Amino acid sequence: MVFISFIRPCRSVIYRLSCSRNLSSVRRKEVNKEIRVRLASAYRALDSYGLNEGVCNHLSAIAPCSILDANIMLIIPFHLHWSEVNPSNLIEVNEKNEVLVGEGKPETTAFCIHQGVYKKRPDVKAIMHTHMPYATALTCLKNPKLLMLHQNSSRFYNRIAYDTEYAGLGDFAAEGERLGEALGQNSVLFMGNHGVLTAAESVDVAFDDMYYLERAAMVQVLACSTNQEVKEMDERVVSHTSQQILEVSTSLCKKAFGLCYLEK
Ligand SMILES: [Zn+2]
C-alpha cells in the first residue's frame, strides 16, 4: 500500500498518542514529526482506497507545535491533492486560523468544521471528514441509519450521531460548532446530504473507523440493492460483537499502520 512507504521501522520514535504542553523542545519536535507521519499516511491511504474527493475533504490532528510550546492543528493546505501529501507539507494552524508553520492555508470549511469539533470535544485529537461514496450515499437517504447487517456494522453500534440539518457549505465558525454539538460524545457523524466525519483520540483510530465505516456502508448499499429483505442482527449479538471489536481495535490500528507503540 502507498502509505507503508511513510512508515519508519518500529524502533523509531515511539510515543504516547496524547498531546500535552510543557514538553521539552526536542520532545515536542519529535512528537510533532511522528503525528505528521501518521496523518500523511492516512491521507495517502484514503486516497489509495478512493475515499477522498478531488482536493476537497480534509483530515486533521492535534499536535505539539514544532516551534512554540502550544498545541496546533495539523492539516492539509488547500489545493494539495491527497496523493501528494507527505509529512513535511502539512501545515500547523492555531485556533485563529493563523498558519504558524508551512506554506498555504487550510480550506475555509476545513478550518471551520475541524476547529468547531475540537472546541466541543477537547478529548478528540484527530478528525477525518470525507465524502466517501457508500457512507455518503446513506447520508442522502431520508432514513440514513447504518443498519446492523454485518460484523463491520456492529463496530459502530451506538457510536454514530446523525445530523439532518444540512444548510450549505460549513464555511463559518458557528457551523463547525453546530456539527461538534451534533456529534456529541459519539465517534462518527453522518452529515446529512453531505458526507461523514470520524473523531478519535488518535489518527490511527479515526482512520480505522473511516475505513470500516465505508466497508459497512458498502455492504448495506449492496445488500439493499438486491431488493430482498435484509436481516439485521440481534441487538445482543451486535452489542457483544461491538465490544469484542473495540477491545482489539487499538492493536488492529497499530498493525494497519505498520507501527508499534510504547509509552515513553
Ligand atoms: Zn464536506
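1. A residue is called buried if 20 or more other C-beta atoms lie within 10 Å of its own. By that rule, 41% of the 264 residues of the protein chain count as buried. The structure discussed here is a predicted model, and the points below should be read with that in mind.

2. The average pLDDT of the protein chain is 87, and 86% of the residues score at least 70. Over residues 1-18, however, the pLDDT is below 50, and this stretch has 35 contacts in the model beyond near neighbours in sequence. Residues 258-264 likewise stay under 50 in pLDDT, and the model gives them 15 contacts beyond four places in sequence.

3. The overall content is as follows. The protein chain holds 7 helices and 8 strands. Among its contacts with a separation of 6 or more, 72% are between residues 24 or more positions apart.

4. How are the strands arranged? The 8 strands form an open sheet in the order E4-E3-E2-E1-E5-E8-E7-E6, with mixed pairing. Its edge strands are E4 (99-101) and E6 (160-163), each of which pairs on one side only. From one strand to the next, the twist averages 25°.

5. The pairings of E5 can be followed residue by residue. E5 pairs with E1 in the antiparallel sense over 4 bridges, and His58 has His129 of E5 as its bridge partner. E5 is also joined to strand E8 (residues 195-200) by 5 bridges, again in an antiparallel arrangement. In this second pairing, Met128 has Thr198 of E8 as its bridge partner.

6. Elsewhere in the sheet, strand E2 (residues 71-75) and strand E3 (residues 91-93) run antiparallel and are joined by 3 bridges. Within E3, Ile91 stands opposite Ile75.

7. Leaving aside residues up to four places away in sequence, Ala61 touches Ile35, Leu39, Leu74, Lys125, Ala126 and Val203. The C-alpha atoms of Ala61 and His114 lie 9.2 Å apart in space, although the two residues are 53 apart in sequence.

8. Helix H1 (residues 25-48) lies across E1, E2 and E5 and runs at about 170° to E1. H1 also packs with helix H6 (residues 203-224) at an angle of about 10°, their axes being 10 Å apart. That angle makes H1 roughly parallel to H6, because angles under 35 degrees are counted in that class. The contact is made by Ile35, Arg38, Leu39, Ala42, Ala45 and Leu46 of H1 and by Val203, Asp204, Phe207 and Met210 of H6.

9. Which residues have the most contacts inside the largest nonpolar core? They are Leu39, Tyr43, Leu74, Leu189, Val196 and Ala206, in a core of 60 residues. Leu189 touches Ala161, Asp163, Leu179, Ala182, Leu183, Val196 and Leu197, not counting residues up to four places away in sequence. In soluble globular proteins, nonpolar side chains tend to be buried together.

10. Most residues other than glycine have a negative phi. Asn97, in the loop between E3 and E4, has a positive phi near 65°. Asn97 counts as partly exposed because it has 14 C-beta neighbours inside 10 Å. Asn158, in the loop between helix H4 (151-154) and E6, has a positive phi of about 60° although it is not a glycine. Asn158 is exposed, with 9 other C-beta atoms within 10 Å.

How values were computed
Residues numbered from 1 in each chain as written. Predicted model: local features only at pLDDT ≥ 70, side-chain atom pairs only at ≥ 80, totals over all residues. Contact = placed C-beta atoms within 7 Å. Pairing = 2+ DSSP bridges. Helix = DSSP H or I, 4+ residues; strand = E, 2+ residues; numbered from the N terminus. Buried ≥ 20, exposed ≤ 12 C-beta atoms within 10 Å, placed from the backbone. Core = buried A, V, L, I, M, F, W, Y, C linked by C-beta atoms within 7 Å. Axes fitted to C-alpha atoms, helices over the stretch in contact; angles between N-to-C directions. pLDDT = per-residue confidence, 0-100. Parallel < 35°, antiparallel > 145°, perpendicular 65-115°, else oblique.
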